[in-house]
Amino acid sequence: MSTDDRHAAPDGPYLGDRVLLERGLTPTEAYLIASMLQSAGLQAEAGDTHLVQAHSLLAVAVGGAHVRVPEHQLAEARELLEAFRRGAMALDEDFDPGPPR
């Protein structure tokens with residue numbers, strides 16, 4: 001097994017080392033941010049979520065839950081996170097999702 005095979009994403013080739021995008025999050029925040037980035041096509045993952053949820057007193061010691069992305073996607077992830085935080089992805093009050101499928 002090559003190094004690339006051992007570090008391959010479940011749905012594709014090795015994308016490089018993961019780097020920290022955000023830390024000090026609650027598990028819910030980490031999953032929300034990771035899901036938002038994944039929906040934009042980035043390979044984001046939430047980490048330390050189970051530890052922080054199960055042992056809340058250790059949250060400070062581990063720095064809270066975090067989100068990591070491949071290093072080459074970091075700039076795009078930061079842009080998307082900033083847009084998310086300033087409300088650019090919010091739905092209008094009159095948003096209509098359409099009929100159920």
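A surface patch, as the word is used in these legends, is made of residues with over 30% relative accessible area and no salt bridge, and nonpolar side chains are joined into one patch when they lie within 5 Å. All views show a predicted model.

**View 1. A patch of negative charge on the surface, where Asp-92, Glu-93, Asp-94 and Asp-96 gather.** Glu-93, one of the residues in this patch, is placed in the segment that follows helix H5 (74-85). With a relative accessible area of 88%, Glu-93 is exposed.

**View 2. Thr-49, a buried residue in helix H3.** Helix H3 comprises residues 49-54, and Thr-49 has its place there. Thr-49 counts as buried because its relative accessibility is 4%, and buried means under 20%. When its neighbours within four places in sequence are left aside, Thr-49 is in contact with Pro-27, Ala-30, Tyr-31 and Ala-65.

**View 3. Ser-56, an exposed residue in the loop between H3 and helix H4 (59-62).** The relative accessibility of Ser-56 is 51%, so this residue counts as exposed. Along the chain Ser-56 and Thr-26 are 30 residues apart, while in the predicted model their C-alpha atoms are separated by 9.7 Å.

Key:
Residues are numbered from 1 along each chain as its sequence is written. This is a predicted model: local features need pLDDT of at least 70, side-chain atom pairs count only at pLDDT 80 or more; totals for chains, interfaces and linings use all residues. Side-chain values use heavy atoms; hydrogens and water are left out. Patches are made of residues with over 30% relative accessible area and no salt bridge: like charges are joined within 9 Å, nonpolar side chains (Val, Leu, Ile, Met, Phe, Trp, Tyr) within 5 Å. Accessible areas come from the Shrake-Rupley method with a 1.4 Å probe; for residues, only the protein chains shown count as cover. A salt bridge is a side-chain nitrogen of Lys or Arg within 4 Å of a carboxyl oxygen of Asp or Glu. Lys and Arg count as positive and Asp and Glu as negative; His and the chain ends are not counted. The place of a charge is taken as NZ of Lys, CZ of Arg, CG of Asp or CD of Glu. Helices (H or I, at least four residues) and strands (E, at least two) are DSSP runs, numbered from the N terminus. Buried means under 20% relative accessible area, exposed over 50%, partly exposed in between (1.4 Å probe, protein chains only). Contact means heavy atoms within 4.5 Å.
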